[in-house]
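Please read these notes beside the coordinates.

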Amino acid sequence: MMTPESSLALAVAVPLLGALLTAAWPRGKRASDAPAAGWWVVAAVWRHGTLRAELGGWGAPLGIALTADGLSAAFVLLTALVGAGIAVHASGYFQHFASARYFWPLWLLLWTALNALWLAADVFNLYVTLELLGLSAAALGALGGTRAALAANLRYLLIGLLGSLTWLLGVALLYAAYGTLDLRQLAAAIAPGPVASAALTLMIGGLALKAALFPLHFWLPPAHASAPAPVSAVLSALVVKAAVYLALRLWYEHFAAVITPVAAALLGALGAAAVLWGSWRALRAVRLKLLAAYSTVAQIGYLFLFFPLLQALPAGAERERLLGALVLMALSHGFAKASLFLAAGSIQHHAGHDRIDELGGTAQHLPATTFAFGLAGTALIGLPPSGAFLGKWLLLENALRAGQWWWVPPMLAGSLLAAGYVFRVLSRAFNREPTPRHFVTAARTELPALALASVATLALGLGAQWLWRLLGIA
Amino acid sequence: MSAPFLYGSAGLILFGLGLWSLLAHAPLLRKLIAFNIMGSGVFHIFIALAERGARPPDPVPHALVLTGIVVAVSATALALALGQRLEEPDDDTGI
């Protein structure tokens, strides 16, 4: 008999099995099975609420436990949908490259790591998933094979390792002080003090490095811009989110007793700086993929802007709603950025380069891709009815209500700059060539981008109440 | 001064030395050695935590260190493989 809890183990096991099978038999790729496992977790959380599975019947501290609540389910859903889109795109993108052989196993391994990370219930397993994620992400990024890609991803790998080791040192401190690794037991035991503060600082520091929070963002643009397009999409949409997700969880669920307003304000200030600097660099970027990568730096900044405002609210419905807005922003950026990178990949493939100033005629040659780019841009700017619009609106409202008006100017300036960099590309994409005959030129590579962009702009904005319901917000 | 304290502080010092070297030195090999020294520092701390006086040592940190070593070896291998490809003569054709 299958219980809802078994969906948790399957969400990790199915992609892992897929990775092993595609590594052994490169010809018979069945990447399509992996999203199904994620769907099941989402459905189980939707119907039964928070789930917890202790694998093999071994409880904490020895056993490995998996747990899923609305927050994890939302990210499992993001991974399943974005992953499915990227898999379809990649099956078209990689058909002319021999590196496809390496792509599928690594991609499924990355999927395993992501699902395991969303569902892990103890800090050491989180370390293992962080390392798995870092290793598979750097290997995927280097698939482009150029010197620039190798150098950028070697640096990405080392940065990731540094971040994970810092996290591990924090884990050691926690185990020394509280004698447990289980997140639930830690949350109950944790008390303000030098050890807890040091552990939190180390772990959040490691995560900030992995999330590319300004000024630790320097590794992201070269690594994300030099990878093959489907890989850039995974890295920007999902992998960076993993670190933000963990920071959020630690901060508000497990270390809530240790947080000070000053620390929250510091994260918010770094977020604001990231919004301004990332958007400015995106506006000045010469290449399309570099623009998309800097835009990721800015969008991650927005997510950290939520931290001081969450801190200002007492636990309750208000805070839950702001948390929901954060998740909405994160999901909406995930879909939009995946779509943006896939569109950039199609444009680069078609034009043979991605220099923004020389992209004239793209709109006529690749109408579907240009449309997807525009839709994704709408979500990045935060125009209605995108999910980011709702998210930014709630962020703005809460900043004013909390009397922390100083977060408002960077927020608005970021939106304006985002409009600048999106329209800059669109204005170059049109010229006086004849009107296109076909909307879609290469269905397999173009349609996923379009679908993901529509989710970001339409589905998330108009269907936010479903997300609220999944997150358990009244 | 107790043995666990000595081990624990030695671990912290190793972590700090490794961190400094990882950030300060450009050659990949030095960075990788530094990363492994940082890792050893953390493992040191875990081993020191396992000490429980007269009772047998706590097995959980031991299991963590074993897992950590496996992870560190794989990470070093991947970094070396990437580094080796960088050393090869320029070839921009892709893998």
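The numbered points below start with conventions and then take the features in turn.

1. Conventions. The model is predicted; local features need pLDDT of at least 70, side-chain atom pairs count only at pLDDT 80 or more, and totals for chains, interfaces and linings use all residues. Residues are numbered from 1 along each chain as its sequence is written, while chains are lettered from A and ligands numbered from 1 in the order in which they are written.

2. Helix α1(A). Helices are DSSP runs (H or I, at least four residues), numbered from the N terminus. The 19 residues of α1(A) should span 27 Å at 1.5 Å a residue, and the end C-alpha atoms are 26 Å apart, which agrees. The expected span is 1.5 Å times one less than the number of residues. Buried residues of α1(A) include Leu8(A), Val12(A), Pro15(A) and Thr22(A). Buried means 20 or more other C-beta atoms within 10 Å of the residue's own; exposed means 12 or fewer, and partly exposed lies in between, with C-beta atoms placed from the backbone. Leu17(A) sits in α1, residues 6–24. Leu17(A) is partly exposed, because it has 17 other C-beta atoms within 10 Å.

3. α3(A) against α10(A). The axes of α3 (residues 70–93) and α10 (residues 229–254) of chain A come within 9 Å and cross at roughly 165°. Axes are lines fitted to C-alpha atoms, for helices over the stretch in contact; angles run from 0 to 180 degrees between N-to-C directions. The pair is therefore roughly antiparallel (over 145 degrees; under 35 is roughly parallel, 65 to 115 roughly perpendicular, the rest oblique). By class, the contact has 12 nonpolar, 2 polar and 1 charged residues. Ala, Val, Leu, Ile, Met, Phe, Trp, Tyr, Cys and Pro count as nonpolar, Asp, Glu, Lys and Arg as charged, and the others, Gly among them, as polar.

4. α13(A) against α18(A). These axes come within 8 Å and cross at roughly 155°. The two helices are therefore roughly antiparallel to each other. Their contact has 14 nonpolar, 4 polar and 1 charged residues.

5. Helix α16(A). Its 15 residues, 387–401, should span 21 Å at 1.5 Å a residue; the end C-alpha atoms are 21 Å apart, which agrees. Among its buried residues are Phe389(A), Leu390(A), Lys392(A) and Asn398(A). The buried residues pack against α12, α13, α15, α17, α18 and α19 of chain A. Gly403(A) follows the helix, with a positive phi near 75°.

6. Chain A with chain B. The contact takes 32 residues from chain A and 28 residues from chain B. Two residues are in contact if their C-beta atoms, placed from the backbone, lie within 7 Å. On the chain A side, α5 (123–141) and α6 (147–178) each supply at least two residues. The largest share, 15 residues, comes from α6(A). That side has 25 nonpolar, 5 polar and 2 charged residues.

7. Backbone points to check. Most residues other than glycine have a negative phi, and most peptide bonds are trans. Ala212(A) has a positive phi of about 60°. Ala212(A) is in the loop between α8 and α9 of chain A. Ala212(A) is buried, because 28 other C-beta atoms lie within 10 Å. A cis bond joins Phe214(A) and Pro215(A), with omega about 0°. Pro215(A) also lies in the loop between α8 and α9. The bond from Pro384(A) to Pro385(A) is cis, with omega near 5°. Pro385(A) is in the loop between α15 and α16 of chain A.
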